[in-house]
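Morning, everyone. Let me put the structure up, and then I'll walk you through it.

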Amino acid sequence: MTEAALPPRSAIAHEDTWNAESVFESPAAWDAEQQALPAAIEAMARHQGHLADGPEALLSAFQDIDVLYGRVGKLLTYALMAHHVDTTDQDASRRYGQSQGLYAQMAGRLGFFDPELLAIGQDRLNEWMQAEPPLAVNAHYIHDLFRRQAHVRSAEVEQLLGALADPFAGPHTTANYLTNADLTYRPAQAADGAELPMSVAALDKILGEADRAARRTAWESYLDAHLAFKNTLASNLATSIKQNVFSARARQYGSSLEAALFVDNLPVAVFHNLIDTFRSHLPTWQRYWAVRRRALGVDSLQPYDVWAPLTTRRPTLDYPQAVDMICAGLAPLGETYVSTLRRGCLEERWIDKYANQGKTDSQFSAGWQGTHPFILIRFEGDLGGMSTMAHELGHSMHSYFTWANQPMIYSQYSLFAAEVASNFNQAMVRAHLLAQNPDRDFELSVIDEAMSNFHRYFFIMPTLARFELETHQRVERGQGLTADDMIELMADLFAEAFGPAVHFDRQRMGMTWATFGHLYSDYYVYQYATGISGANALARRILLGTPGAAEAYLEFLKAGGSLYPLDALKRAGVDLTTPKPVEDTFEVLSGLVDRLEKLFPEQSIAPK
Ligand SMILES: [Zn+2]
């Protein structure tokens, strides 16, 4: 639906909106809190210079900060919610800006905290935590602070590095402007010759449709627009990579990869293990491309055929049916999990369900300890929308259990852990739907949804991660990185991954790196693939009936940020430093391909 055809926000039924009034009862209540907070933030000055006074003084500072975080977070959550459901609402966008300003003000006011803790010293802090037991809950935070200290330089160097953050943001901003605002696309052409206007949103839609001529011309138009700026885009990305290498060296890391993974205390083995295991299982993907080629009845499969529907008779479902499907899939986690989720979806209004004019395109979960875990989606009544909802509910349930079991200081968790919880729900729901002996169209629709998700996060993302590793290593070795170098490298990586069943134009396919703004967040995308791996491995344990597996999974959700992500996941029963979870995920993938091969058997030669 085009934006203009959508209802205005004011026309959306109350029960289909999320429960913003549970955060603040009115904008006026929000305004009052917004005016009270600056004084509360300034009041933190009373702790400055006093953390070393003793364990009681330190405990009181930790407690006051928790309360302040809770208040600022609630303010931010309400403003974020109002802004994203109607980005044209000027009052909402002003409030959103104000809340971000207050958050920054709080962070600045509390800038003394970590340096004072470090000055007290780890040994003395350990003694204090024994002397004052309520202080001991902060042990992980303190451990992490001293761990990170290994790469903190002198005050003068840190000041200089800190000042680089803004100028170093340039390449990402430039890429955004170029690819989201300045690039224009020639129209695509439908099979009947009609011109189709092209934009990024139009591309996604056209690639999911049956008209192959439209898919081809849309894909070509999209990549040709990027190719026209290949030198600018390559120089821009190379600059970003050089900045990452510079920052890693300035902070004395062995490599930019090591620096990126250090944040979450992850060994580089996690990354190498993912891409090595991915590479060795590429034949599973290649089996899929071959059966997809047969299913679509094309001579040679092209990259623009990867999203084409395997059936046009796709099931529709309404919101309550989607909730039922998700709950049925997650039943093995037990009554508490399922009834909490159901209540959130049907009674407590966690979810803002449908599209309206001005509502943001991105679908996400949000919230703060002390609020509901909220979700924004644009549900359109299909399996893909149901699966997105299951994904976001995975994040929300992670937050729900974390907030119910952890103090404020551990109320947030890393993306590395988060993407396990979200993908886990999708894995469980898909397994449930496929176990129901569905009819052919339903089965095809479920597999199509699953494969399209796996394609993005378990095929493209690991391939991009390989691209990132190679480009960073070239810079680290002092080699150049031109547009043609990047195009060649990307084309080679995709040629290896696609294998013999897929044919493509090397220039266009080689240019796809430029379409992923993610590459400006250093070594970010691999976490989607580790997330999907951890998720499918854990779902498999539960579906196979491993004793204690569901309980262990819930313990992972409850841990929040109180453990390093790898340790939290080990408690759940999965070790992402080993190939096992990636192999388990390929098992799931392989099972889906088996089903497709049964549905689209190779043409048998008729007996004479
Ligand atoms: Zn997610």
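Predicted model: local features only at pLDDT ≥ 70, side-chain atom pairs only at ≥ 80, totals over all residues.

Now place two of them. H391 sits in helix α18, residues 383-405, and E419 sits in helix α19, residues 415-434, so this pair ties together parts that are 28 residues apart in sequence. Buried or exposed, H391 and E419? Both are buried.

Next, the sheet. It is open, with 3 strands in the order β3-β5-β4, and the pairing is mixed. At the edges are β3, 351-352, and β4, 364-366, each pairing on one side only. β4 pairs with β5, residues 374-376, in the antiparallel sense, over 3 bridges. For F364, the bridge partner in β5 is L376. And α18 comes back here: α18 lies across β3, β4 and β5, at about 15 degrees to β4.

Last, the helix pair. Look at α20, residues 440-476, and α21, residues 483-498. Their axes come within 10 Å and cross at roughly 140 degrees. Angles over 145 degrees would count as roughly antiparallel; α20 and α21 are therefore oblique to each other. The crossing of α20 past α21 is right-handed. On the α20 side, the contact residues include F459, L464, F467 and R474. On the α21 side, they include M486, L489, L493 and F498.

Key. Residues numbered from 1 in each chain as written. Heavy atoms only, no water. Helix = DSSP H or I, 4+ residues; strand = E, 2+ residues; numbered from the N terminus. Buried < 20%, exposed > 50% of the residue type's maximum accessible area, 1.4 Å probe, protein only. Pairing = 2+ DSSP bridges. Contact = heavy atoms within 4.5 Å. Axes fitted to C-alpha atoms, helices over the stretch in contact; angles between N-to-C directions. Parallel < 35°, antiparallel > 145°, perpendicular 65-115°, else oblique. Left-handed = near helix turned anticlockwise from the far one by under 90°.
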